[in-house]
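Hi,

Here is the structure I promised to pass on. Have a look at it first, and then read my notes below.

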Amino acid sequence: MMKRHLIIIIPLVALLVFLAVQVFMVISTWRQEKENMLMRYESLTREAAARLMAGKKANGFEKAMDITDKFAGLVISEKLPELGNTRDTANLRKKVLDQTYSILQKNEVISSFTKEYIKKQGYSTSYKPFVWISYLSLLTDGGQFIIADTVPNDDEIAKTVIVVESYKEEHNNFVIAYVSLIDMNEIDSLVFKKAFFSILLITISILIVVLVFWFTWRNLMEEKRLSGLKSDFINNMTHELKTPLSTITVAGRTLEKAQINSDPGKVLETAKMISKQSVNLNQLINTILEVSLLERTEFELDRQKVNADELTHQIVTSFLTSCDGCAEVQEEYKATGISLPVDIVYFTTMINNLLSNAVKYCDKDPVILVSTMADNNEFQISVTDNGVGIPHDHIDHIFEKFYRVPHGNIHKTKGLGLGLYYVKRIATAHGGDVSVSSRSDHGSTFRIKLPL
Ligand code: ADP
């Protein structure tokens, strides 16, 4: 038992560890790729800025600075003298800062130069360049009129932002400190494109491992179920064989006793018992032998055209005789005149199995309905009983070899779990099939369909 648990648990744990390792690998590959990409773009943009500087002796903001200088001059001469209360001052600061931002944005050339450069190097340009003004003041006669003086907090800057260059300049009318940056806001999709193949490979390998695991697991469970069924079968068989054998043994001992020989009635009764049990034993052994034969060879059917309704009626009659009228059987034959190509012996076994199950799995007086019908290409026979029915969970399995539904409270249900398996094999050997509909405590209907 312990071993079985281990067989299941060890691979499961191994699978989980494998999955965890794979997920960890994907996440760290992703992080690594992202970091590499940020570093790559940092050096690319810096290279571009350096090239611009080397080539044109300019940082790309010259025109923007000239315009800002003129704008600052205007503000100093026209707006500053008019300033009244502090609200006006705050408003002016905001306006000047906004305007400076827009001048910088419209007139800088570094962004286009950098994009061009990066494109040439074969990299994507899906990022957003922008400028951050950290300090701005207007130079008035009385000193500096500070417009902005902010140092950004580290956590205010998105993780995807790269600083390209910082500048500090003093012009005629203003002093400025600003930073040129890029926001790699689409870095995730860039990384995804780059790492697509490795992620795909990892995903495929995960899928393969999970699939293989699932198949192995299913086989293991199936093996477990089959070995359970087999050991049940051996128990049942032992039990089934022991019952007639012990009756025969007891009967034999009875016959050995001296006083019984003087009572011919008792001798006859005992002899009858012996022969009845021998027949049972023989039938049982035949069933087992037949099934093991079935496993090794295909069915060899000796088909004959028979009148289906007549044959069915004969089978029902002899069943009732052999079981001493153990059930009330209603017969509804509507396949009149149909001649059915079947192996009579197998067909009889099949119907007998259904009839004896209808009696066996019934906890009241058995009432069975046997009915037939046919259309152009199919003959159908159904056996309906008023028995215990088959629980929903088991219905898919009852045609499997050795399968038995546990019926705890009914004592007469002896069996090997072979009857319905045999019915199914015979029906399919004839090119047909068998199906069942049933409800617990409401009885069952078995339907066999055979081609004409
Ligand atoms: P056995 O009768 O030897 O157990 P079968 O293959 O004939 O084997 O039947 C398999 C199982 O299907 C039985 O154990 C029983 O629980 C269930 N079964 C078969 N026929 C009926 C029926 N008419 N009503 C209720 N249960 C049935």
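Helices here are DSSP runs of H or I with at least four residues, numbered from the N terminus. One of them, helix α8 (residues 308-322), holds Thr 312. Please keep in mind that this is a predicted model, in which local features need pLDDT of at least 70 and side-chain atom pairs count only at pLDDT 80 or more, while totals for chains, interfaces and linings use all residues. Residues are numbered from 1 along each chain as its sequence is written, and side-chain values use heavy atoms, with hydrogens and water left out.

Back to Thr 312: its relative accessible area is 0%, so this residue is buried (buried is under 20%, exposed over 50%, partly exposed in between, with a 1.4 Å probe and protein chains only). A polar atom of the Thr 312 side chain lies 2.6 Å from the backbone oxygen of Ala 308.

Next, the ligand. There are 21 residues around it, and Tyr 361, Asp 385, Arg 404, Gly 417 and Leu 420 come nearest (a residue is near if one of its heavy atoms lies within 4 Å). For polar contacts I took pairs of N or O atoms within 3.5 Å; within protein, one must be able to donate a hydrogen and the other to accept it, and residues adjacent in sequence count only if both atoms are side-chain atoms. A polar side-chain atom of Arg 404 is 2.5 Å from a ligand oxygen. The side chain of Asn 357 has an N or O atom 2.8 Å from an oxygen of the ligand, and a polar backbone atom of Leu 420 is also 2.8 Å from a ligand oxygen. On its own the ligand has 530 Å² of accessible area, and the protein covers 98% of that (areas are by the Shrake-Rupley method with a 1.4 Å probe; for residues, only the protein chains shown count as cover).

Helix α4 (residues 110-120) has two faces to look at. Its buried residues are Ile 110, Ser 111, Thr 114, Tyr 117 and Ile 118. They are on the same side of α4 because they cover an arc of only 130 degrees around the axis (the arc is that of the directions from the helix axis to the C-beta atoms). Exposed Lys 119 and Lys 120 are on the face turned away from that buried side. After α4 comes Gly 122, with a positive phi near 90 degrees.

Now for the charges. The whole structure has nine salt bridges (a side-chain nitrogen of Lys or Arg within 4 Å of a carboxyl oxygen of Asp or Glu). One of them joins Glu 33 and Lys 194, at 3.5 Å from N to O. This pair links distant parts of the chain, 161 residues apart, with Glu 33 in helix α1 (residues 2-56) and Lys 194 in helix α5. Glu 33 has 19% relative accessibility and so counts as buried, whereas Lys 194, at 55%, is exposed. Another bridge pairs Glu 42 with Arg 46, whose closest N and O atoms are 3.1 Å apart. Both lie in α1, four residues apart, about one turn of the helix.

Finally, Ile 208 sits in helix α5 (residues 187-256), and its 49% relative accessibility makes it partly exposed.

Enjoy exploring it!
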